[in-house]
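Morning, everyone. Please have a look at the model on the screen, and then I'll walk you through some side-chain contacts.

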Amino acid sequence: MKIAIVGAGKLGLKVIDNLIQGGNSVTVIDKDEELLSRLSSHLDVMTIAGNAKSTSFLKDHNIGNYDFLVATTDKDEKNICIASFAKALGCSRVIARVRDPEHMNQIEFIKELMNIDHIVNPDLLITNEIYKYLVEMNSLDNGIYTKDKIALAEIAVSRMPHLIGKQVGRLNDILPETMIIAIDRKGKVIVPMIGEEILEGDVLFISGRVSEISELSTKTHVNKRYTNIQRVMIVGGGKTGLYLAKKLSERGTFVKIIEINKERCHYLSTHLKNVMILHGDATDLSLLEDENFEKMDAFVTATGFDEENLLLALTAKRHNIPDVIAKISRESYGEIVANMGIDMVLNPLNISANNIARYIQGTKRVLSSTLINGQAEIIEITAAERMPITGRAIRNLNLPDGILIFAIHRGREVIIPGGDTVILDGDKVLMIAMLSESDALEPLINVKTKIGFFKGER
């Protein structure tokens, strides 16, 4: 497909990286000629220097011949205008990044009025993932995630010590009709290979039919974290803090926000109901102790500073808060975070870029997704005739490390697949993928055109 990306900032670059690996023709538009020169020397993209807000510029560069335009500049109004102008000039579909909370209150109106197909809000996407983790996952009976007739249980290996030292993939006699799809090892989630050895201290994510998993969970479950979230403390009253506090308070959760900027505190107090707003520096441990933060069910760090978020998250874990979540923008911190034991770490760039890529590459085939500890994702898709995963035995798909197909719904039948299982057109396929493998996942679930590129639904 022919795709124009307007804005070569952090999000734009991440989107570009995702899309060029999917076999698309990508054009990057930005005012910074020096930046574009460096970009073209490292990536296989076309670059154009200019102002995409100018309709004459868009006309001169034949924007009407593009399948998609994605506006990712740092200004909401500019993104809205660029996307709207491009659509009016004949671009098939347009996407805009919009972050202002005032715009989000009227998002459907903006899309309809400005004829924009898809709007991406990084803060809202992160909020939704945190909310799913805190509310939906924690309110499941006995700690079991269910999807139709398939269930997934999170079980500490200490509850099944006979598995220690065993190899994943060779447990049919011990765990029949089930599959270990992920392992949380000291805070780092891995999708295990067949020969992966189970170690002491591991937490296993075991999938299978609801009946088998319910029975297994009954025998091994420990009542400690699968209760409704009642008290949540959020550090940082920015857009993510605002969105999350609003969603949690509307479901009856008691929420405290700590925000260092007094003017922002006033804004929050006028835009949130039933939320306690505290003006102060959350890095002051005495403030946290005065506010009984160790009694919270969950602690979310969402300031604009990665280092502060990490420090506060680590402090919360050391005070035994059950669920600690950190918003981190730097990918280079990934390995550090993996060894810190933080329950969930979210990168707004990764989540936003994946959302855009899925929309462009035919996202309507992705039926649902759920994050595991902020590091891996359970995805349900509908298989289509020209998808690379359709019509071939799973063992012949050459799935990358970090991606695993673990269940198939075929009509009313539930299949726990093996290497010889063939996915058919119309199957609902459940798979797990590390977020780090999102680039490798997209080509597997996109419908190929006859010339070999991936084309989304039109």
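Predicted model: local features only at pLDDT ≥ 70, side-chain atom pairs only at ≥ 80, totals over all residues.

**Charges and rings**

E289 is partly exposed, at 39% relative accessible area.

Now the salt bridges. The count is 15. Take R99 and D123: their closest N and O atoms are 2.9 Å apart. R99 is in the loop between β5 and α5, and D123 is in helix α7, so the bridge ties together parts 24 residues apart in sequence. Are these two buried or exposed? R99 is partly exposed, at 29%. D123 is buried, with a relative accessibility of 3%. K327 joins in as well: R99, D123 and K327 are linked in a salt-bridge network.

Next, D420 and R395. Their side chains meet in a salt bridge at 2.9 Å, N to O. Both residues lie in loops, D420 between β21 and β22, R395 between β19 and β20, so this pair ties together parts 25 residues apart in sequence. D420 is exposed, at 59%. R395 is exposed too, at 52%.

Last, the aromatics. How many pairs does a search of the whole structure find? It finds 2. F68 and Y359 pair edge-to-face, 6.3 Å between centres, with 85 degrees between the planes. F68 is in strand β4 and Y359 in helix α14, so the pair ties together parts 291 residues apart in sequence. Both F68 and Y359 are buried. F293 and F299 have ring centres 5.9 Å apart and planes at 65 degrees, so that pair is edge-to-face. F293 and F299 are buried.

Notes: Residues numbered from 1 in each chain as written. Heavy atoms only, no water. Buried < 20%, exposed > 50% of the residue type's maximum accessible area, 1.4 Å probe, protein only. Phe/Tyr/Trp six-rings, centres within 6.5 Å; stacked < 30°, edge-to-face > 60°. Helix = DSSP H or I, 4+ residues; strand = E, 2+ residues; numbered from the N terminus. Salt bridge = Lys/Arg side-chain N within 4 Å of Asp/Glu carboxyl O.
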